[in-house]
Amino acid sequence: MTRYALRVASVAAALGLWQLLTSLDIDLWLRFSQFPTVADVARAFADRLAGDDYWTDLTDSLTRIVTGFLLAAVLGVATGVLVARSRLAEDLLGPILEVVRPIPAIALVPVAILLFPSNEQGIVFITFTAAFFPVLVSTRHAVRALPPGWEEAVRTMGGGRWRILGSVVLPGALPGIFGGLSVGIGVSWICVISAEMISGQYGVGYRTWQDYTVVDYPGVFVGMVTIGVLGWATSTAVELLGRRLTRWLPRTSYVPTCRTRPRSPRPAAPAPAASAVVPTGPEPEEARDEHLV
């Protein structure tokens, strides 16, 4: 409860600072006088919730992101496992993938417009491309990092290729795969909003850009808040699914302070008997050094 209270307090403090800077028209270096206040954004948000356009845009954006992300998850995992497990696939697909991977997904908007007959399919393609490569790279590295002893153990017990894939490769690579999925869903939101601003007809990104063109700044912030909440919700859903599917992994909990138990004093070593002490001359230098070591 304390952690949740701190999180709510941090959001409330940020909103309070925003309201204070904008209501006082602070213009030191950043021009907060151009920003709408929190109250203005809240009123605009309430007006949008009462209309039908907001929910239509929300549904369109979610449909595009879910479709593109699911395609990227399936094909990205399959391609990553194939490239990591097959030298032939790596030689055939590796060069093409490495050439296309550095190209930003949003730069493929002209290709999507020329390639697909409708804007809807083009936006889904942009979303798919944005999430595909993070999933592919994380899956490939996760599969290659698996200890070879696991596979050898399954082969020793008579397991074949599919048995190894189902009981060793995919379960062992799940933490890395979900790491790529978490990154991919965030990149997908960036690219789908950008694609909607450029070539969309409906969606949160399209509506946000339209509000900017008509100088409706509270509406712009409504779109930004909506994008942030949707991105947070989808990323949290992916992380929760990953935790559920990898429950067999050891979990570590954060411990702010670590108190060590006081050590009990060791019992003193018994003194040697007086009869056992034989007086000798001065100890040589080598013997003293050996005694210290």
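Predicted model: local features only at pLDDT ≥ 70, side-chain atom pairs only at ≥ 80, totals over all residues.
Figure 1. A pair of aromatic rings is described by the distance of the centres and the angle of the planes. For Phe128 and Phe132, the centres are 5.4 Å apart and the planes make an angle of 35°, and the pair is classed as tilted. Phe132 also pairs with Phe133, and here the arrangement is edge-to-face. The distance from centre to centre in this second pair is 5.1 Å, with 80° between the planes. Because its relative accessibility is 9%, Phe132 counts as buried. Phe133 has a relative accessibility of 10% and therefore counts as buried.

**Figure 2. An aromatic cluster that includes Trp18.** Four residues, Trp18, Phe32, Phe35 and Phe221, form one aromatic cluster. The count of aromatic pairs in the model comes to 9.

**Figure 3. The packing of helix H1 against helix H2.** Two packed helices are described by the angle between their axes and the distance between the axes. Helix H1 consists of residues 2-23, and helix H2 of residues 38-50. Their axes lie 8 Å apart and form an angle of about 110°. An angle from 65 to 115 degrees counts as roughly perpendicular, and H1 and H2 are therefore described as roughly perpendicular to each other. On the H1 side, the contact is made by Leu15, Trp18 and Gln19. On the H2 side, Val38, Ala39 and Val41 take part. The residues of this contact between H1 and H2 comprise 5 nonpolar and 1 polar, with no charged residue.

**Figure 4. The packing of helix H8 against helix H10.** Helix H8 spans residues 161-199 and helix H10 spans residues 217-245. The two axes come within 10 Å and cross at roughly 165°. Angles over 145 degrees count as roughly antiparallel, so H8 and H10 are roughly antiparallel to each other. The crossing of H8 past H10 is right-handed. From H8, the residues in contact are Leu174, Phe178, Leu181, Ser182, Ile185, Trp189 and Ile193. Their partners in H10 include Ile227, Leu230, Gly231, Thr234 and Ser235. Val238, Glu239, Leu241, Gly242 and Leu245 of H10 also belong to this contact. The residues of the contact between H8 and H10 divide into 11 nonpolar, 5 polar and 1 charged.

**Figure 5. Ser188, a buried residue of helix H8.** Ser188 is located in helix H8. Its relative accessibility is 0%, and Ser188 therefore counts as buried. When residues up to four places away in sequence are not counted, Ser188 touches Ile65, Phe69, Thr127, Ala130 and Ala131.

**Figure 6. Pro175, a partly exposed residue of helix H8.** Helix H8 also contains Pro175. This residue is partly exposed because its relative accessible area is 36%. With neighbours within four places in sequence left aside, Pro175 is in contact with Thr246 and Leu249. Pro175 and Leu249 are 74 residues apart in sequence, and their C-alpha atoms are 8.9 Å apart in space.

Methods. Residues numbered from 1 in each chain as written. Heavy atoms only, no water. Axes fitted to C-alpha atoms, helices over the stretch in contact; angles between N-to-C directions. Helix = DSSP H or I, 4+ residues; strand = E, 2+ residues; numbered from the N terminus. Parallel < 35°, antiparallel > 145°, perpendicular 65-115°, else oblique. Left-handed = near helix turned anticlockwise from the far one by under 90°. Contact = heavy atoms within 4.5 Å. Nonpolar A, V, L, I, M, F, W, Y, C, P; charged D, E, K, R; others polar. Phe/Tyr/Trp six-rings, centres within 6.5 Å; stacked < 30°, edge-to-face > 60°. Buried < 20%, exposed > 50% of the residue type's maximum accessible area, 1.4 Å probe, protein only.
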